[in-house]
Amino acid sequence: MANVGSLENLQAAQKILRASLKKYSAISSKLDEMGPRLDDIRQRLPSLEAAIRPLSRQKCSYFAIRDQINGAIGPAAAVLKVYGIVRELEESLLYQSCADLPAYLSSMKKLEEAFGFLADNCVLAIQWLEDVVEFSEDNVFSNNQSLLSVKKSLRMLQELHEIEGRAHLDGGPLNAAFNKLETEFRSLLMENSVATTTCATLLPLTMPVVQKLQTIAGRLDGDIRLQKCIVLYIEVRSLNAQRSLQDLDLDYLEIQVTEFDDIQSIESHIDQWCKHLELVVKDLLEPEYKLCNDVFEKIKSDAWKHCVARLAEEFRLISFLQFGRSVTKMKKDPLKLLKLLDIFALLESLRSNFNRLFGGEACTDIRTLTRELVKAVVNGAYEIFQELPSQVEMQRRFSPPSHGGIPGLVSFITKYCQQLLGDEYKPLLAQVLKIHQSWNQDVYGDGFLTNHIIIIMKEVGLNLDAWSKEYEDICLSYLFMMNNHCHFCQLKGTKLGDIMGDSWLGAHEQYKDNCAALYLRECWGKLLSLITQKDLGSFQESEKKKLKEFNEGFDERYKKQSNWVICDENLRRKVCQILVQAVVPAYRSYMQKYVGLVEHDASASKYVKHTAQSLENMITSMFQPKLVKKYSSTKHIRFGKLKSLVQNQFRATLKAM
């Protein structure tokens, strides 16, 4: 209704202006006719000059007013015409749908242009009429009825000029049109942003949908409208992020550092973390970044990159980085080095993704957390690797195994070093050491990694020498060293064996044979001498005593050494075979030589305790491991209780350091 009244007022003002112009034109004509007559009268009637002078000034004023009014008529007529067009476009946009987006945007553009043209012409007409009012008020027309009409027309034009500004306010036609575009923007996102139900991945948007979103975003470009557009985008895509993560068990991200006492207890969580972080970055955030870039491609501002930062938060990227940082704060542990290298490998594979996705100012926190994580991983891995020789040396205070087998430390370290030298970890460890070197301006040399492994193995050898001296039974000491030299011989053809060298391997092969010979001589030589004496003429009491001593000695050795172990099956079979060949034939020969005398001696039965076959069976049953430990050839070392024991010892050592 207000718009209708404004139109009527404008039409009334136009009529008044035309009438005033006509009246002023008539007055001006009359003044022209009076000019010559006044000159004659001035010559004849000087006294009339004073009376006519005001009329002359009024004539000049009418000429000036006429020019101002003529200038205002054109813009005022244009205002009336454009206003009608504005009303038609407003009515069209009110009922027009965004389904035909090009047509809707065309109507919006026409309405904006109409409002701009209306405002420009209003300004021009207002300027002309303001000059009329100002001139008239300073002259003789201040109380003229026509002047009052001009003022009324001026107010009407000023009201029309304000319509363009109100169009963008709440309730205005342009504001309503932009609101409808925002609604369409959100609807397009909601209808086409659905995560798959089978896995945490996102369905890509079709090109027509992306183009519509891009067009709307470009049309909404502006400080206020763009921000609202970004908020809408984040709102909808955040829901998608939540749906994408709902099938993933991410509760482990909330575990506190104090719960990380044992690396094995969270090893599976770290493996999950690596898989989930890679999925979030490559399969979820990468598509989101591309979609953001496509939708907001025409936006000159980098404000849209705020979407990526917010969506990264919704995908819990901050929590992922914080979990990784928590792992680096755990107590030092040799197996922690392997997990840190796993984390480093993942971060290295995602480096280009991180640089591309989080390069904007809005992602400063993510970049900071990522840098801190990489630094903590590199420093933590270096520190553990650097301290390994001293850790091994400090295990010397522990006792060797009572069964003479391979200490858990030796098995652990050899397999651990082989993992570090394997194709999976060696390049990563070398890169970590190189990065740490560049950060700290240290000079390690190209052979630092392998040289450090050699140092570790030398410390293991020194531990074995020290432990062998702790056995009270020299035979057990020889058996212990035989086991461990055999263990090192088996490194031939491995990465660790290659860097230790053929001479090192050959030396252990020789030491193994020497220890085996010493074991047989020291442990069984004296016992065999009891039944290998030659040219015994009769089964005298002294021979009965020797047979008794042999039986007692054999039983004693069998009982004791049944608790000893030879870890390598081939070595065990070989030692047992040598014992059988040394003991059984000699015993059989001894018993066959005196069997007749034994049968005629009533007390002989108490001296003959074993048959040759029973001795062989007993010897071949010796040195069997009580628990057969099959070391895993999978990705990580797994020793069960043995692994836990070794790690706990290492952890205590590192804590003491």
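Me: What should I know about the numbering and the model before I start?
Reply: This is a predicted model, in which local features need pLDDT of at least 70 and side-chain atom pairs count only at pLDDT 80 or more, while totals for chains, interfaces and linings use all residues. Residues are numbered from 1 along each chain as its sequence is written, and side-chain values use heavy atoms, with hydrogens and water left out.

Me: How many helices and strands does the protein chain have, and what makes a stretch a helix or a strand?
Reply: The protein chain has 23 helices and zero strands, where helices (H or I, at least four residues) and strands (E, at least two) are DSSP runs numbered from the N terminus.

Me: Why are H14 and H16 called roughly antiparallel?
Reply: The axes of helix H14 (residues 408–421) and helix H16 (residues 448–468) cross at roughly 170 degrees and come within 11 Å; axes are lines fitted to C-alpha atoms, for helices over the stretch in contact, and angles run from 0 to 180 degrees between N-to-C directions. Angles under 35 degrees count as roughly parallel, over 145 as roughly antiparallel, 65 to 115 as roughly perpendicular and the rest as oblique, and H14 and H16 are therefore roughly antiparallel to each other.

Me: Which residues of H14 and H16 meet, and what classes do they belong to?
Reply: With contact meaning heavy atoms within 4.5 Å, residues of H14 including Leu409, Val410, Ile413 and Cys417 meet residues of H16, among them Ile453, Ile456, Asn463 and Trp467. By class, this contact of H14 with H16 has 13 nonpolar, two polar and no charged residues, where Ala, Val, Leu, Ile, Met, Phe, Trp, Tyr, Cys and Pro count as nonpolar, Asp, Glu, Lys and Arg as charged, and the others, Gly among them, as polar.

Me: What makes H11 and H15 roughly perpendicular?
Reply: Helix H11 (residues 334–349) and helix H15 (residues 426–440) pack at an angle of about 80 degrees, with their axes 10 Å apart, and H11 and H15 are therefore roughly perpendicular to each other. On the H11 side, Leu341, Phe344, Ala345 and Glu348 meet Leu428, Leu429, Gln431, Val432 and Ile435 in H15, and the residues of this contact divide into seven nonpolar, one polar and one charged.

Me: Why is leucine 341 counted as buried?
Reply: Buried means under 20% relative accessible area, exposed over 50%, and partly exposed in between (1.4 Å probe, protein chains only), so leucine 341, at 0% relative accessibility, counts as buried. Leucine 341 is found in helix H11, and, not counting residues up to four places away in sequence, leucine 341 touches Ala381, Leu420, Tyr425, Leu428, Leu429 and Val432. The C-alpha atoms of leucine 341 and tyrosine 425 are separated by 7.0 Å, although these residues are 84 residues apart along the chain.

Me: How do you know whether glutamate 286 is buried or exposed?
Reply: Glutamate 286, which is found in helix H8 (residues 263–295), has a relative accessible area of 15% and is therefore buried. Leaving out residues up to four places away in sequence, glutamate 286 touches Val281, Asn353, Arg356 and Leu357.

Me: What makes asparagine 484 a buried residue?
Reply: Asparagine 484 has 1% relative accessibility and so counts as buried; its place is in helix H17 (residues 474–489). Not counting residues up to four places away in sequence, asparagine 484 touches Gly405, Ile406, Pro407, Val410 and Leu464.

Me: Why is glycine 525 called partly exposed?
Reply: Glycine 525 has a relative accessible area of 31%, and is therefore called partly exposed. Glycine 525 lies in helix H19 (residues 502–529), and its C-alpha atom is separated by 9.4 Å from that of alanine 582, which is 57 residues apart from it along the chain.

Me: What phi values do arginine 316 and phenylalanine 623 have, and where are these residues?
Reply: Phi of arginine 316 is near 65 degrees, a positive value in a residue other than glycine, and arginine 316 has its place in the loop between helix H9 (305–314) and helix H10 (317–328). Phenylalanine 623 has a positive phi of about 65 degrees although it is not a glycine, and phenylalanine 623 is found in the loop between helix H22 (612–620) and helix H23 (641–656). Arginine 316 is partly exposed, with a relative accessible area of 25%, whereas phenylalanine 623 counts as buried at 0% relative accessibility.
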